[in-house]
Amino acid sequence: MELDDDSKKLIDQFGVSLIDLDDIKKTRLNEIHFFRRGVIFGHQGMESILDAIEHDKPWAVMSGIKPSGSFHIGSFMTATEIIKLQKIGARAYYCIADIESWEDNGISFEESIENSVDNLADVLALGLDLDRAYVWRQSEEDIVKKVPYVISRYVTNNMMRGIYGDKAFGMYLATLVQVGDIILPQIMEKPMPTIVPVGIDQAPHLRLTRDLTRKYSEKFILPAASFHFLLAGLDGSPKMSKRFPNSYFTFNEPLKAIEKKLKNGFTGGRDTVKEQKELGGIPDICMIFKLQYYLFVDDDKYLENIYNRCKSGDLLCGECKQKCVDLVTKFIEEHKEKKAKYLDKAREILQA
Ligand code: SF4
């Protein structure tokens with residue numbers, strides 16, 4: 001996988017270090033395909049996490065979701081990262097970012113609660129272990145709402161404009177609440193390494209959080225971050241976006257609609273069958289391949305087989321897409337059944 005120019009700029013500007021896959025092989029992070037395959041390619045301060053894993057010390061993972069709609073491929077990626085990190089020992093902290101949803105999307109707290117319940121049921125169905133997890137709504141969690149009062153004496157207009165551009169003041173405030181979200185594990189328990197898995201577009205925010213936490217270094221361990229590649233749009237558009245409905249799918253869409261989007265997905269196939277057999281396809285640019293590589297397939301050998309057969313011309317896009325459709329729709333169908341059983345639990349947790 002190659003970094004695009006925007007990502008390279010963020011890496012330079014915000015001090016992101018690249019992850020060495022040989023180092024990962026020596027750790028339990030290698031059990032997680034995002035790390036093993038280089039989908040998570042960069043980090044800030046991950047040494048503290050590696051040390052905690054190696055010496056069996058407590059550590060946490062923190063991330064969340066903006067409850068502005070149905071669970072989609074992007075939310076699936078972050079939730080899966082949290083669940084997999086929880087499985088290898090992290091305490092999990094999952095935030096429902098309803099303050100951000102109000103400030104950024106104008107969705108009222110009353111309105112976002114239904115999305116929150118729905119989204120949390122998705123995360124529970126994916127396997128979040130509630131015995132070792134804490135889930136909160138920003139608007140209901142006093143600790144994270146108090147953090148902006150404490151840290152904002154170190155925040156200037158220029159800092160916020162430099163990182164986020166000219167925004168309504170509420171958006172700046174929401175980012176300071178998110179600093180509270182990130183240090184919440186350490187406030188609720190004790191100082192401990194905490195990793196925040198995010199897309200590379202979040203590098204500026206993690207930088208702000210780390211800079212502000214540094215002011216309280218006697219109280220907190222500097223939060224770490226891991227950065228993953230962002231999947232481009234299924235239809236070949238540069239990114240998944242609501243503006244391009246065929247660029248992504250949500251977990252609430254009918255299976256037939258998901259099937260259609262996958263079948264129309266952008267591939268690395270050639271113009272004709274004859275050409276594909278002679279020249280082979282290009283899996284490195286194919287969204288059908290990437291979707292499975294990033295998210296839906298854990299088995300490295302299965303992917304290697306697709307990759308090699310595609311490149312050699314032995315596999316044609318029709319057959320390959322159908323296999324992907326079968327795999328993804330089966331997953332979503334089973335997920336929907338599991339999720340239905342978790343809706344009451346999600347409502348109870350969020351007191352909705
Ligand atoms: Fe993509 Fe599969 Fe076609 Fe290769 S054969 S380009 S992996 S859809």
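**Ligand shell and helix packing**

By class, the shell around the ligand has seven nonpolar, four polar and no charged residues (Ala, Val, Leu, Ile, Met, Phe, Trp, Tyr, Cys and Pro count as nonpolar, Asp, Glu, Lys and Arg as charged, and the others, Gly among them, as polar). This is a predicted model, where local features need pLDDT of at least 70 and side-chain atom pairs pLDDT 80 or more, while totals for chains, interfaces and linings use all residues. Residues are numbered from 1 along each chain as its sequence is written, and side-chain values use heavy atoms, leaving out hydrogens and water. Around the ligand sit, among others, Thr267, Gln276, Phe289 and Cys320, each with a heavy atom within 4 Å of it.

Now for the helices (DSSP runs of H or I, at least four residues, numbered from the N terminus). Helix α10 (residues 169-188) packs against helix α11 (residues 203-214) at about 70°, with axes 10 Å apart; the axes are lines fitted to C-alpha atoms over the stretch in contact, and angles run from 0 to 180 degrees between N-to-C directions. So α10 is roughly perpendicular to α11 (65 to 115 degrees). For α7 (residues 109-126) and α16 (residues 317-350), the angle is about 125° and the axes are 6 Å apart.

How values were computed
Helix = DSSP H or I, 4+ residues; strand = E, 2+ residues; numbered from the N terminus. Parallel < 35°, antiparallel > 145°, perpendicular 65-115°, else oblique.
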